[in-house]
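Subject: Structure handover, salt bridges

Hi,

Here is the structure I promised to pass on. Please open it first, then read my notes below.

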Amino acid sequence: MRSDLVTLVSKCTVIPEKKSDMGDLKLSASDLPMLSCHYIQKGGLFTRPPFPVDSLLALLKKALSSALVHFPPLAGRLTTDDHGYVYITCNDAGVDFFHANAGNVFIRDLLSPVHVPDTFKEFFAFDRTVSYDGHFRPILAVQVTELADGVFIGCAVNHAVTDGTSFWNFFNTFAEFSRGLKKISRTPCFERNSVLISPAVLIVPQGGPKVTFSGDEPIAERIFSFSREAILKLKSKVNNQKSSWIGGIDAIEVLGKQSNDPWKPEQKPGGKVASVLENWLRNAVSVSVSVSKPQTDSPNQTAEISSFQSLSALLWRAVTRARKFPPSKTTTFRMAVNVRHRLEPKLEPLYFGNAIQSIPTYASAGEVLSQDLRWCAEQLNKNVKAHDDDMVRKFVGDWESSPKCFPLGNFDGAMITMGSSPRFPMYDNDFGWGRPMAIRSGRANKFDGKISAFPGREGGGSVDLEVILSPETMAGLESDSEFMQYVTGWA
């Protein structure tokens, strides 16, 4: 599909409806490395609302102005002081709001192709903008693109200011105000008193840092969808379980996912539906544990591998196979982990800013392919479990000893970088006329081996993987039966 089908109609600045009294916020040891990364670009594809576009634009501008009151940094700018420290100045300078038109593009044109159309890249502002540019450009931009039978609402936000947790909390709040809520449901925390707030100074080159990967290499992009049933089947295989499903449902996994799951029934705390479901699940967990789990004092006890680690291991093997490396080639699987709950004392769950660290797991191509799937999953599991308070502080200390921007990319051709999370509440973004048909991203931070995990639209533990690979590797992945047997719609 042609990528010149989108035309800009208008641009304006939206400011918070109330002035902020928040002081400057210092960028942390988790924020500063992101100054060389592109702005995050994520958004939702929606059906057309049942009112004129002028009314839609007015509604969204008003909702955005209201949401910015609760997220003052997003309406501010970056500034560097005389000592080299970088801050967010919450000066109410405002955000960019774009209205674009793609009236000849239908939803089916966007969702029916096997590979993600380049048209999506035109649905976002600040294309290829590096986060350091937040010193003289808005920290946030919203683009609303009219389609023939729908609308796309895309946000571009500075990656040195937010991570995925903070981004989706803002996007959810924006949607809540759009559909008429008067009070924010998930208040962000702007405290800056943790070990992440560092005395180290990041020295940047004249003109600011640049991205550390080439944005001109040919890539293929595809969304691979995995149903809840497929995910549980995969997890059961990795854990060698035969009796962990109760009626086809892994109760432990379901309990763990309820908080961010849009499929759960509407209910009040302590309501009848909630209590019945929780009792059933807890009973199911009890049965599952007694049937399939070893006793805690057993010397042969093995670690429980999560659904997401199982899926990541499956991908690691398939991509390694498709890249056709010699057995001695070292491969790397990087996973971005949320450190909010790993620190002691813990950060608030809605701490605003970056609170992520990238955990690398290394193994030779020969090991990845000759060992079984569980072995690959165990390597990922061990590294994630080991990333406790001490390890988070070690990562911070290592960075402070040599401050630098995060080296994002695939430097030896053998790397996979997993970002985002299927636990993010992406499909909670109902702006007043229904949930998104799909979540998609722009061109930002994409290179061979970049993977982003989204929740599936149907919820319940389903997962979508946005996979970026070289065209040759993508072709190999698409013909890999071990991987594709779990993909929805593959036969």
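Start with Arg-321. This residue is partly exposed, at 30% relative accessibility. (Buried means under 20% relative accessible area, exposed over 50%, and partly exposed in between, with a 1.4 Å probe and protein chains only.) The side chain of Arg-321 makes a salt bridge with that of Glu-482, at 2.8 Å from N to O. (A salt bridge is a side-chain nitrogen of Lys or Arg within 4 Å of a carboxyl oxygen of Asp or Glu.) Glu-482 is buried, at 16%.

This is a predicted model: local features need pLDDT of at least 70, side-chain atom pairs count only at pLDDT 80 or more, and totals for chains, interfaces and linings use all residues. Residues are numbered from 1 along each chain as its sequence is written, and side-chain values use heavy atoms, leaving out hydrogens and water.

Next, Arg-323. Its salt-bridge partner is Asp-448, with the closest N and O atoms 3.3 Å apart. Arg-323 sits in helix 7, and Asp-448 in the loop between strand 13 (438–441) and strand 14 (450–455), so the pair ties together parts 125 residues apart in sequence. (Helices, H or I, of at least four residues and strands, E, of at least two are DSSP runs, numbered from the N terminus.) Arg-323 is buried, at 12% relative accessibility.

Then there is a network. Salt bridges link Asp-118, Lys-121, Glu-221, Lys-446 and Glu-466. Within it, Lys-121 and Asp-118 meet at 3.1 Å, N to O. Lys-121 is buried, at 11%, whereas Asp-118 is partly exposed, at 42%.

Best wishes
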